[in-house]
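Dear colleague,

I am passing on the structure we spoke about, and you will find it just below. After it I have set out what turned up when I went through it, in an order that I hope makes it simple to follow on your screen.

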Amino acid sequence: LFATADSVTAARLASVCPRPYSEDRTLDPKVWECLHVSSVFERAEEFDLIHNHFDFLPLSYSGLVRTPVLTTIHGFSSERILPVYEKYNGTSFYVAISNADRRPNLEYVATVYHGIRTQDFQLRREHGDYLLFYGRIHNEKGTAEAIQVAKQAGLPLVIAGIVQDQAYFERAVAPHLDGERVRFIGAVGPAGRSELLGKARALLHLINFDEPFGLSMVEAMACGTPVIARARGAVTEVIREGETGFLVNDCAQAVEAVARVGTLDRKQIRRHVEANFSSDRMVENYIKVYQKLLDEVEKRSRCGQAEGKTSGVSVRSRAEAGRA
């Protein structure tokens, strides 16, 4: 695993960057990104496969090595990064995190949904009296809409997450905070996450963008908490309408949905996550992708060897070249 030096893993850790640069402002992101990515590709011959979760930058190295590169595309941060994916389309391999996040001009080997360690989230059959907003504080995530729905439903709202857009927070969120009906508690770590999610009557996910996946919805459902979400992007793939939550188009429908969450079976909501979004399920699916990819590479290699023999050129496998 190529990751920061403070990572905790059962794998053999290969690290260059001491800490995440988002946690240490003395680290220049561009410098440490280059050092990190180059450290992987300078050792490419050691591996059968490189699985890239580091966005588009590693693709610019992929044409310099013979090791196949699989890239999980964790959403598109901007349309401006698409030319990189388009350049390596067909020579690299792409996995989507949802069907909704696929781009029609790119080729994908599979869709693999995110998975969570379900044992880290406890099922709570009895809920509390509050609604929950859980995510980054930004217009995209619909924090202001969550406040509106909670007020109209006559229920307290707890807001948990990091402030990603300070101006938005000051304009659309802060004026409503009173410490009782609308509370902001900041980021919540693993220790308090399960209790916060599990005691909520429902999670409000009233997004204003096309959601690539939506991990907070899965985490809430793992605790048995239903999700009320705007039906955009991958939301319709994550939530089962009327079973694990409700899909809505606006705040008025969300208020109506709040009144119906008590009809849902919290144990069944948990089962939905265990069946579709567990880390074990994700690992199984990725292993299938790895095998499919390596079989394809082996097939191409055999075709290349046959062509080489026909033309009188000696073609060696990567392993043979390494021994030489």
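Which residues in helix α4 (residues 143-153) are buried? In this model, which is a predicted one, they are Thr143, Glu145, Ala146, Ile147, Val149 and Ala150. The helix is followed by Gly154, whose phi is positive, near 75 degrees.

The part I would look at next is the group of strands around β8 (residues 202-205). On one side, strand β5 (residues 131-134) pairs with β8 in the parallel sense over two bridges, and within that pairing Leu132 stands opposite Leu203 of β8. Strand β9 (residues 227-230) is also joined to β8, again in the parallel sense, through three bridges, and here His205 has Ala229 of β9 as its bridge partner. From β9 the pairing goes on to strand β10 (residues 245-248), likewise parallel, over four bridges, with Arg230 placed opposite Val248 in β10.

In general, the side chains of a regular strand alternate between the two faces of the sheet. In β8, Ala202 and Leu204 point one way while Leu203 and His205 point the other way, and all of them are buried.

Helix α7 spans residues 215-222, and Ser216 lies in it. Ser216 has a relative accessible area of 13%, and because buried means under 20%, this residue counts as buried. Apart from its neighbours within four places in sequence, Ser216 is in contact with Tyr134, Leu203 and His205, of which Leu203 and His205 are the β8 residues already mentioned as pointing the same way.

Elsewhere in the chain, four strands form an open sheet with parallel pairing, in the order β1-β2-β3-β4. Its edge strands are β1 (50-52) and β4 (110-111), each of which pairs on one side only. Strand β1 runs parallel to β2 (residues 69-73) and is joined to that strand by three bridges, and Ile50 stands opposite Val69 in β2.

Finally, there is a point on the surface to note, where Val16, Val31 and Leu35 form a nonpolar patch with about 210 Å² of accessible area together. Val16 is found in the segment before α1 (29-41).

Terms used: Residues numbered from 1 in each chain as written. Predicted model: local features only at pLDDT ≥ 70, side-chain atom pairs only at ≥ 80, totals over all residues. Heavy atoms only, no water. Pairing = 2+ DSSP bridges. Buried < 20%, exposed > 50% of the residue type's maximum accessible area, 1.4 Å probe, protein only. Contact = heavy atoms within 4.5 Å. Patch = residues over 30% accessible without salt bridge, like charges linked within 9 Å, V, L, I, M, F, W, Y side chains within 5 Å. Areas by Shrake-Rupley, 256 points an atom, 1.4 Å probe, with all protein chains shown as cover. Salt bridge = Lys/Arg side-chain N within 4 Å of Asp/Glu carboxyl O.
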